[in-house]
Amino acid sequence: MHLDLWLAFIAAAMVLLAIPGPTILTVISYSASHGKRATLPLIAGVALGDSTALFLSLVGLGALLAASALWFNVVKWAGGLYLLYLGFKMLRAGTSGQAAVAPPAPESLLRLFLNTYAVTALNPKGIVFFIAFLPQFLNPTAPAAPQLWVLGTTFVVLAAINATLYATFASAARRMLESPRAQRRFNLLGGSLICAAGAWALLAKRQPQ
C-alpha cells in the first residue's frame, strides 16, 4: 500500500483513539485503583480485544452487525450490561461501611485482563468501525486483504500505546489516594466512570445504511 495512505491512517487513528470511549474509561478506572501492577494486563486486554474485533470484522461479523439490528443489539447489550456490572461492583465497594477502614482487595491480574478484554471485544461499534474505517485507506489498485491486515495491525499497536499512556497517567494519580477516605471516594468515581461507559455502550446506534 502507499506510504501516504498508511501515514494518513495513523494520523486519523491517533485522533480517534485519543477520544476516551468505554475501553479507555475502564483502563483509567482500573489503573488508578490498582496502580502500575495493572498496566500490563490492561494493555494486553485492550490489544487482544481489538485484535478480536479486527478478526471478527475481517471474517464478516462486522458486515453482519452493520446489516442486522438484532445482532448489533445482542452484542451491544452484552457489552453494556457487563460494564454496568463492573461499575456497580466498584460503587458498592465505595459505599460499603468497611471501605473507609479496609479498601477492597485488588482483583487478580487475570481478572483485570479478562474484564478489559471483554469490554473491548464486546463493543459492537468497534467491530463495525473496522469494517467502515479501514477500507477508506486502501489502495484500490493493490490486493485488499494484505492492506487490511497491515492497517488492522497498525491500529492494534496504536491502541496498545494509547492504553499505555492513559494507564500510566492514571496509575500515577493513585499516589493521591493513600487514605481510606480517598480510596472510597475513588471507588465511587471509578464506578461512576465504568457505569457511564456501560451507558455509552448501551446507547450506541447503528450507522444508517
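This is a predicted model: local features need pLDDT of at least 70, side-chain atom pairs count only at pLDDT 80 or more; totals for chains, interfaces and linings use all residues.
1. Leu188 sits in helix α9 (residues 180–202).

2. Residues are numbered from 1 along each chain as its sequence is written, and side-chain values use heavy atoms, with hydrogens and water left out.

3. On the overall fold, the chain has nine helices and zero strands; helices (H or I, at least four residues) and strands (E, at least two) are DSSP runs, numbered from the N terminus. Of the 209 residues, 46% are buried. Taking contact as heavy atoms within 4.5 Å, residues 24 or more positions apart supply 89% of the contacts with a separation of 6 or more.

4. Now have a look at helix α6 (residues 109–121). Its 13 residues reach 18 Å from first C-alpha to last, close to the 18 Å expected at 1.5 Å a residue (the expected span is 1.5 Å times one less than the number of residues). Its buried residues are Leu112, Asn115, Thr116, Ala118, Val119, Thr120 and Ala121.

5. One partner of α6 is helix α3 (residues 39–58): the axes come within 7 Å and cross at roughly 30°. Axes here are lines fitted to C-alpha atoms, for helices over the stretch in contact, and angles run from 0 to 180 degrees between N-to-C directions. That angle makes α3 roughly parallel to α6, since angles under 35 degrees count as roughly parallel, over 145 as roughly antiparallel, 65 to 115 as roughly perpendicular and the rest as oblique. Residues from α3 in this contact include Leu42, Val46 and Asp50, and those from α6 include Phe113 and Tyr117. By class, the contact of α3 with α6 has ten nonpolar, five polar and one charged residues (nonpolar: Ala, Val, Leu, Ile, Met, Phe, Trp, Tyr, Cys and Pro; charged: Asp, Glu, Lys and Arg; polar: the others, Gly among them).

6. Helix α2 (residues 22–34) also packs with α6, at about 165° with the axes 9 Å apart, so the two are roughly antiparallel. Among the contacting residues are Val27 and Tyr30 of α2, plus Asn115 and Val119 of α6. The contact of α2 with α6 divides into five nonpolar, six polar and no charged residues.

Methods: Buried means under 20% relative accessible area, exposed over 50%, partly exposed in between (1.4 Å probe, protein chains only).
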